[in-house]
Amino acid sequence: MRVLLSFVLAVVLFTSCQNSAKKSGKSGEASSNVKLTAAGATFPMPYYNMLFKKYAKETGVETTYGGIGSGGGIRSLKDKVVDFGASDAFLNDQQLAEMPAKVLHIPTCMGAVVIAYNLPGVDGLKLSNELLEKIFMGEITKWNDPAIKSNNPDLKLPATDITVVHRSDGSGTTFIFSDYMSKISQKWNDAVGRGKSLKWPTGMGAKGNPGVAGTISQTNGSIGYVGSEYAFAQKIQTAQVQNSSGKYILPSIESISAAAKGDIPADTRVSLTNSSDPDSYPISGFTWIILYKEQNYNNRSKEQALATVKLLNWIEGPEAQAEASKVNYAPLPQAAVEKAKAILKTVTYNGEPLLK
Amino acid sequence: MNSDKITKGVLLSVSILILMLAAGMVYSLVSGSIPAFKAFGLKFIVSGDWDPTYGHEKYGALPFIVGTMVTSIVALILCLPLSFSTSLFLGEYFKGTRVARILGLLVDLLAGIPSIVYGLWGFYVLRPWMISLGIGNQGFGIFTSSLILAIMIIPYATSLSNEIISMVPNDLKEAAYSLGATRYEVITSVIVPNARSGIVAGYILAFGRALGETMAVTMLIGNTNLVPTGLFQTGNTMASVIANQFGEADGLKLSSLIAIGLLLFVITGVVNAIGKFIIKKMS
């Protein structure tokens, strides 16, 4: 894996070198000499690519992003082969201790996991915490089960079998979903727990968001979970999920952003599932960019370090945040932006802060 | 003279390079799977518990070994009558005719279709048929995968047995006819006994191909990491679990996936060796 990874990065670096050689021959602007390399989570990749393109147009600083998964992003930063990494899950204390230097987390936008289902003629399904537990633990097997009926008295539920569809590949989407399930159900926490891939008590697996969404759309009576950015783009039928205040909430850009309105720790490493905000959609989360606090490593120039921090600071700005909802991500609430900007001010080069 | 030497040198170095590539592959598989075998010992092969959750990680390859073996064996059984009758048709009944040439071409064409296309066809055409027949868990499962595998290996089984059948000496067949044998009797008492080992080898090679098939199976088997209890249950295969999970895997899980790769490599290696051995013995 590591060999493969370094190969991929080598290719990325090589191609970016080629680009710079071509460019400097043509224009010779000072700013275009800085090239940034990043790698990590696939979930925010469409958003990042759009931002990096826009940023390159405005400033000439080009960024290459490799969507190699959150785990790969963390490894790449650990191996010091990127300017910054990206991850859908924050590093826990043990992972932070294993890194060669102090690592900072910068939240960039928010996403959620929606519950998609396929029941022709049944709109507005409401799922309580108890129902989610029973369906995904395999304890309810028919759609007309009394437990579902009593929670959805207005719906005409058929006697179809319930088919649970989950991810067959390791994924941050599965992590957020299982993190939420572990919070609302003791039984789930004990039997399954949280992780990027799980020991599923029921159902079948499909690869990627497109695989799960495709299987659901092709299978009568199926239910599963899909990343919000994909579900919104494809306009997939989704269920309302009960949040911690007892309200049933449909996933939307607004209800996802609301999940971060509560208290956020100064280092922004927090799980936002089952948020206390009464208007929040409960299966929501941040996605982060991770970078070293001390930017002088691997003979990086100060110019390179400054370009990195400036780019991240721009991502936290109103212009970049406004772009998020255009590609179906939820922007950060103001409080989270303030925290992220405060963290960026602590990034140093030879001990001196890069941003004033 | 000189060019002869150069050619020899190039050929030698290329063969050594290929040998080194193969050795390197085996080495990285073995060294990568050591942590998994260290942690679980031989239980890795016989345990059906695949639990990737952080904190209580446990990996057992049995669900995937069973899934791979069962899908491939059922595929072989399903493909047998189809490909055997096709090879008799091509190699004996209609040998050398235009019909046989066209049919032979079509069978060979089946081998050229990419795996993912079989997968798509299976997902959008075969699976709805399965659902309307009421088979399995929403059409997914071991049996559906076996069916698609059977179609995929037909050309491999057919082309070798077809060749062997057409190679049965005409003298023998004519002798049988002159003794008053019917065509059916010629097939059962002359052609099949003569071509037996070649036919068997063809099926073993086809079996070896079914073992490693990934994409089409992944799309149809349901990707459930449990030991299947019936033909119509969902399951998973060795190749499919590796393809699905290597992306976000690290540590013990990555090592376990590599160990599954090593096991698959060994199994397909043994199966192919048996097939080659039988061919060699026959000729």
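A residue is called buried if 20 or more other C-beta atoms lie within 10 Å of its own, exposed if 12 or fewer, and partly exposed in between, with C-beta atoms placed from the backbone. Helices (H or I, at least four residues) and strands (E, at least two) are DSSP runs, numbered from the N terminus. The model is predicted: local features need pLDDT of at least 70, side-chain atom pairs count only at pLDDT 80 or more, and totals for chains, interfaces and linings use all residues. Residues are numbered from 1 along each chain as its sequence is written, while chains are lettered from A and ligands numbered from 1 in the order in which they are written.

Chain A holds an open sheet of eight strands. The strand order is 2-1-3-11-4-8-6-7, and the pairing is mixed. Two strands are taken to pair if DSSP finds at least two bridges between them. Strand 2 (62-67) and strand 7 (204-206) of chain A form the edges. Each has a single partner strand, so one side of each lacks a neighbour in the sheet. From one strand to the next, the twist averages 25°. Helix 3 (residues 70-78) of chain A packs on this sheet. Helix 3 touches strand 1 (35-40), strand 3, strand 4 and strand 11 of chain A. The direction of helix 3 makes about 155° with that of strand 3 of chain A. For such angles, axes are lines fitted to C-alpha atoms, for helices over the stretch in contact, and values run from 0 to 180 degrees between N-to-C directions.

Strand 11 (residues 284-292) of chain A is mostly covered, with nine of its nine residues buried. Both of its faces are covered. One side carries S284(A), F286(A), W288(A), I290(A) and Y292(A). The other carries G285(A), T287(A), I289(A) and L291(A). Strand 3 (residues 84-87) of chain A pairs with strand 11 in the antiparallel sense over three bridges. Here S87(A) has W288(A) as its bridge partner. Strand 4 of chain A also runs antiparallel to strand 11, and nine bridges join the two. Within this strand, Y292(A) is the bridge partner of V103(A).

Strand 8 (residues 222-227) of chain A has six of six residues buried, so it is largely enclosed by the rest of the structure. S222(A), G224(A) and V226(A) lie on one side, with I223(A), Y225(A) and G227(A) on the other, and all are buried. Strand 4 (residues 103-117) of chain A pairs with strand 8 in the antiparallel sense over five bridges. I115(A) has Y225(A) as its bridge partner in strand 8. Strand 6 (residues 163-167) of chain A pairs with strand 8 in the parallel sense over three bridges. There, V164(A) is bridged to I223(A).

Two asparagines have positive phi values, each in a residue other than glycine. Phi of N274(A) is near 55°. N274(A) sits in the loop between helix 11 (253-257) and strand 11 of chain A. With 19 other C-beta atoms within 10 Å, N274(A) is partly exposed. Phi of N223(B) is near 50°. N223(B) is found in the loop between helix 9 (215-221) and helix 10 (238-245) of chain B. N223(B) counts as buried, with 31 C-beta neighbours inside 10 Å.

Between the chains, 21 residues of chain B are in contact with 20 residues of chain A. Contact requires C-beta atoms, placed from the backbone, to lie within 7 Å. The side of chain B that touches chain A has six nonpolar, twelve polar and three charged residues. Nonpolar covers Ala, Val, Leu, Ile, Met, Phe, Trp, Tyr, Cys and Pro; charged covers Asp, Glu, Lys and Arg; the others, Gly among them, count as polar.

Definitions and conventions: Contact = placed C-beta atoms within 7 Å.
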